[in-house]
Amino acid sequence: MAFFKNDDEDSEQPGNPAEPNSGWVPLLPLRDIVVFPQMVVPLFVGRDRSVKALEEAMGRDQRLMLAAQCDASTDDPEVGDIHEIGTLGTIVQLIKLPDGTVKVLVEGKSRARVTAYDPNEEEYFLVALESIEESEDEGPEAVALMRGVKAAFKKYVQLNKKVPPEMLTSVTSLTSASALADTVAAHLNLKVEDKQRLLEILSPRERLEEILGLMQAELDVLQVENRIRSRVKKQMERSQKEYYLNEQMRAIQKELGERDEFKSEIDELTDKLATLKISPEGEERCQKEIKKLKAMTPTSAEATVVRNYVDWILSLPWGEDSEENKDINAAEEVLDSDHYGLEKPKERILEYLAVRALVEEMKGPILCFVGPPGVGKTSLGRSIASATERDFVRISLGGVRDEAEIRGHRRTYIGAMPGKIIQGLKKAGSGNPVFLLDEIDKLSMDFRGDPSSALLEVLDPEQNHTFNDHYLDLDYDLSRILFITTANTLQGIPRPLQDRMEIIHLPGYIEEEKLEIAKRFLIPKQLKTHGLSDEVLGLNDSALLQMIRVYTKEAGVRGLERELGTICRKVAREVVANEEPIRVRIAPRSLRKYLGIPRHRYGMREDSDQVGVCTGLAFTEVGGELLNIEALVTSGKGKVKISGRLGETMQESAHAAVSYVRRRARQLGLARDFYQKVDIHVHIPEGGVPKDGPSVGITMATALTSALTGIPVKANIAMTGEVTLRGRVLPIGGLKEKLIAAVRGGVDTVLIPKENERELQEVSAKVTRRLQIVFVESMDEVLQQALRLADPAVLSDPMEYPLEEIFQGSVEAPGTVN
């Protein structure tokens, strides 16, 4: 604490301010403080040089130069680290403390400037000083400034309780502008740099102006602090008042015998907890939260949070499982009545029910149905719940990008809730529902986390018996739940998540399956929806098949259902418009009237054998397709052009086909250097549709061979297979869909890789009976089957052009290009 002497009092200690050039004085470097004239302040000194400076001053005339350091963090300051202007003062009192430090009481006398340091004195600073004379300005401006400073200081003392009130009396009585400025500056809450700047201002009037500005800024800060303090106090008073009134109201209700609703709620929660088969951890947590709730005010925000938390815990189905149907035959009837086809997923569910009939405790399987849109993945999940007589919960994960959507928000957040898993369990009301996580491949991620990573625990049978939601912060057993996820493709599902699920692929429906689905499910549903009956509207199989082929192009049946709905609406209009009852029978030729012109086309085989044109089989997301691949040879310089908006893999297949033909040039009757004299163009029609995949390799090689040799390709043959540079035929995918496309396109012979033979058992007998399927292992076998060769045995010759003769140019080709 600093003290100030009035100008009218005399110092009790000897020593007078320095006269100009009046000898050497010890200097005390100050940290974090600036001493002003007329200021009495206690200092604690511990540095050796500073202690020796004090001892030297006491040994002389007790005069001491007090100057602030430029940087307070410097422990051993040098000459350049000390401000030039400071305060010449005297030592009032000096006390040595037991720890070696010194407590000294100093009084500032006047400003002084350091003019020189004694270079011979190294133990402490010894400096020569120059006194700074201050002139008093008694003009009107100085008087106005003094009044302004005194008025501002009065407000400052009222707002800042750290300044003693008696200091206001002392300041008010000051008549010297310099003394007033120094006294007020010492009591302001200013930085050391600002105080040093004030000390260095020699004009009292300028110093008062600077102090008035600094004091006004400090007053603004103090007023804001007071407003904040007052607002907080009012809020505390209001809370205390509300608590008091609530307690009074409770006492009145008790006296009147009225029902205490809050107590009733707590009793209700306690009774519910006693009846639940909750885990020991959950029971302990609930009891702790209910005990906390009893001590709270009913209307407080915290009471609402605690009540909601306990409600969520008690609303979950702890140990409450629904009775499961284990009758396999009854479950199979339900599945077959709801869905046509889909044998694999049905078989897997029946296997699960069979094991459940033999084993009492069993972890629920985690299945993933992968297939194109519209094949019945979601409805199959609902059917499984119906067949097993379990509760059904569906959660759509499309577009979910926040990890908290799965695991919940922590209770520290306002409006926190459990995640979708716990919410679904509350909705189901049982601990073993069928849980459908729809569109799991559409999950996203952003700065809030990765939801797919949160699902790793949910969909892991080894971990989900202790699933921990962030909101509940309790372990909950999910192992009895039958989880089913759906996806269109596996590309959007992280590998660790795929590893935790049993993947079941649901291929697109073939035409026969769509026909049966339409007759069994879609047509009756649309007739009922539109208020019609089968007596009013009928569609024969030919019309349905025509709708499937040229009015829809999809793997599922959603588009087909929409087209049937269109027909039903138009027929309903005709029924209402006619007064007499009518009967409408839809045939293929009448489809244009109700559906307009056909919107799609499907691939058909060529009518006759052609040179350079070969029919290939492709697999798309909407089923199988026929591709007519064309190859053209013109005179040129050996360029190979590939067109038809082909992907990288398909372009590589085309180059592999060209390399194979060059390798078998002798057997094909081509000149050794034929590729140097011609340009080759391979094209796949429908250039607006992107195409990719290696399965057209043998088709490209066959078309190219036909174009180079002039031998036509059989029109009744279609093929699929990947070709290598050595002519080997590798296996392909989508065999079932490709064979169906071949039947639809009028093909009677299909060439497929030998390694795909084992997959034929998955293809319907209705399809295989209508095709002659030939298994091939090499490109030579393909050409023998596909080309109209005069002598097929020519391709059995293993001889090729010797490399040495090719490089020397000594071999004549047995044939030339036409």
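## Cysteines, aromatic pairs and selected loop residues

Cys368 is buried, its relative accessible area being 0%. This value, like every other in this report, is computed from a predicted model. Cys70, by contrast, is partly exposed, with a relative accessible area of 46%. A disulfide is a covalent bond between the sulfur atoms of two cysteines, and a search of the whole structure finds zero disulfides.

Turning to the aromatic rings, the structure holds four aromatic pairs, and two of them are set out here.

| Pair | Distance between ring centres | Angle between planes | Arrangement |
|---|---|---|---|
| Tyr309 and Tyr471 | 5.8 Å | 70 degrees | edge-to-face |
| Trp318 and Tyr476 | 4.8 Å | 65 degrees | edge-to-face |

Arg47 is found in the loop between strand 3 (39–45) and helix 1 (48–59). Arg47 is buried and yet has no salt bridge, the nearest side chain of opposite charge being that of Asp75, 5.5 Å away; a salt bridge would need the charged atoms to be within 4 Å. A polar atom of the Arg47 side chain does, however, lie 3.4 Å from the backbone oxygen of Pro29. Leaving aside residues up to four places away in sequence, Arg47 touches Pro29, Arg31, Gln69, Thr74, Asp75 and Pro77.

Backbone geometry is the last topic. Most residues other than glycine have a negative phi. Gln38, which is not a glycine, has a positive phi near 70 degrees; Gln38 is placed in the loop between strand 2 (24–30) and strand 3, and counts as partly exposed at 21% relative accessibility. Glu389, again not a glycine, has a positive phi of about 60 degrees, and its place is in the loop between helix 12 (377–388) and strand 9 (392–396).

Terms used
Residues are numbered from 1 along each chain as its sequence is written. This is a predicted model: local features need pLDDT of at least 70, side-chain atom pairs count only at pLDDT 80 or more; totals for chains, interfaces and linings use all residues. Side-chain values use heavy atoms; hydrogens and water are left out. Helices (H or I, at least four residues) and strands (E, at least two) are DSSP runs, numbered from the N terminus. Buried means under 20% relative accessible area, exposed over 50%, partly exposed in between (1.4 Å probe, protein chains only). Lys and Arg count as positive and Asp and Glu as negative; His and the chain ends are not counted. A polar contact is a pair of N or O atoms within 3.5 Å; within protein, one must be able to donate a hydrogen and the other to accept it, and residues adjacent in sequence count only if both atoms are side-chain atoms. Contact means heavy atoms within 4.5 Å. A disulfide is a pair of cysteine sulfur atoms within 2.5 Å. Rings of Phe, Tyr and Trp (its six-membered ring) pair if their centres lie within 6.5 Å; planes under 30 degrees apart count as stacked, over 60 as edge-to-face and the rest as tilted.
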